[in-house]
Amino acid sequence: MRRTSRIIRARSSSGTPTATATPRTRRAVRAAAAVVAGVLAVSLTACGGDDDGGNDETGGGADETASAVTLPKLDGQSLEVAAVWTGTEQANFKKVLAEFEKRTGAKVTFVPAQDPIINFLGSKIAGGAPPDVALLPQPGAIKQAVEKGWAKPLGAEARAELKKNYSQGWQDIGSVDGTPYGVYYKAANKSLIWYNAQVFENAGASEPKTWKDLLTTAQTVYDSGVTPFSVGGADGWTLTDWFENIYLSQAGPEKYDQLAAHEIKWTDPSVKEALTTLAEIWGKDDYLAGGPDGALQTEFPASVTQTFTGGDQPKAGMVYEGDFVQVTIGEGEAKVGTDAKVFPFPAVGDSPPVVSGGDAAVILEDSKAAQALATFLASPDAAGIQAKLGGYLSPNKNVPNSAYPNEVQQKMAQALVDAGDDFRFDMSDQAPQAFGGTPGKGEWKALQDFLKNPKDVAGTQRQLEADAAAAYGN
């Protein structure tokens, strides 16, 4: 899985830009940045939320939109739905599936998948037992599923829900060559840094606005006796997100689009500049919990947990990742808004970045039931259920803001919707999965190697370019 202070335009899954950035777009982008920066500056005391989801079988939150979509009766039919989600995220999604079962009479089984999901699906298809629907976390994976002949186009009902509930940009990134295949059920703001409030208070540290400020804050936290950063380096996708935020803010959206499509090489000077900037943190062993070796053995959930446990002496004061961090925080004793607070990823260049991501439902086994589930997931009914549970954002513009459990999530969701088509999608998620989404290979592996040896900027660039050229075929 894989984001909203500044939101910029995405590319379609076919690699072509959905639109050209204009001065008006840049003004809208800066306005969105101001909205979310303001949101994160307000008190977060309401953010404890209801992340356990309560006791209601459907998870609640659907009442306001109960009649938004009409579903067929599917008594006796069964579906399998595959996704890489685990823990609370999986449990919350199962409440959405339970509501679909209740309304249609169908039986839905959740199938836990492994990364890379394309490989997982390939083995299932080869064995003659593909899931009916899969949640794919990358536009590149959607394109691969189409090219392999696995994905089936969305039917008229699902397309109608998409047109009614989603901006054109979100429709485009779920399409291949103009045909809709994916329903973007879940979105993410991946441009946030979460911090231990007690550590900051003890250190006298303040929330930074710029990269230079972030380095100052990190030193202040270090001087107080706490390691500044927790990095989940065992999961390579967290490292690509670090790079993308720096690159987007520093190199700008046009270069970002070019690199995402491999229209410029990873040996470009703009990549050198971004890696050199990243090394200002990754190159200081004492700034990383456990040093580089420890970071490379730390998975994403642990990177969050170790930041918000240990009282006054946690293993780190800050952890970078998206809005979904609050789900992991909610599984422990720390409370979002009091123990755990958040600020936008600081501006490295002229403007702060926002990198968005998301998970799209794609039909693999076409049937009336599979099409009905895609239609349901494209509706505000489904998203409204999971919105109430916390740790979730929907790009669906017709989900009522009141469905979200606290003020910060409400404002993040509203900013995401208000941005319309003005956003940038996670770069590695746009790449072929062999380069941007496979453990131990491609960008994930190259950045893990860079975390271990941040002085080797040129060597990292060469490796990134060699892997990208092989994956993109150019």
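Where pLDDT is low, the predicted coordinates should not be read in detail. The chain has a mean pLDDT of 87, and 85% of its residues reach 70 or more. Residues are numbered from 1 along each chain as its sequence is written. In this predicted model local features need pLDDT of at least 70, side-chain atom pairs count only at pLDDT 80 or more, and totals for chains, interfaces and linings use all residues, while side-chain values use heavy atoms, without hydrogens and water.

Four strands form an open sheet in the order β8-β9-β7-β10, with mixed pairing. Strands are DSSP runs of E of at least two residues, and helices are runs of H or I of at least four, numbered from the N terminus. β8 (229–230) and β10 (340–344) are the edge strands; each has a single partner, so one side of each lacks a neighbour in the sheet. Pairing requires at least two DSSP bridges between two strands. β8 pairs with β9 (residues 318–320) in the parallel sense over two bridges. Within β9, V319 stands opposite S230. Helix α8 (residues 211–223) lies across β7 (192–196), β8, β9 and β10. Its direction is at about 145° to β9, with angles running from 0 to 180 degrees between N-to-C directions of axes fitted to C-alpha atoms, for helices over the stretch in contact.

R424 lies in strand β12 (residues 424–425). R424 counts as buried because its relative accessibility is 3% (buried is under 20% relative accessible area, exposed over 50%, partly exposed in between; 1.4 Å probe, protein chains only). A polar atom of the R424 side chain lies 3.1 Å from the backbone oxygen of P253.

Definitions and conventions:
Polar contact = N/O pair within 3.5 Å; in protein donor to acceptor, adjacent residues only side chain to side chain. Contact = heavy atoms within 4.5 Å. pLDDT = per-residue confidence, 0-100.
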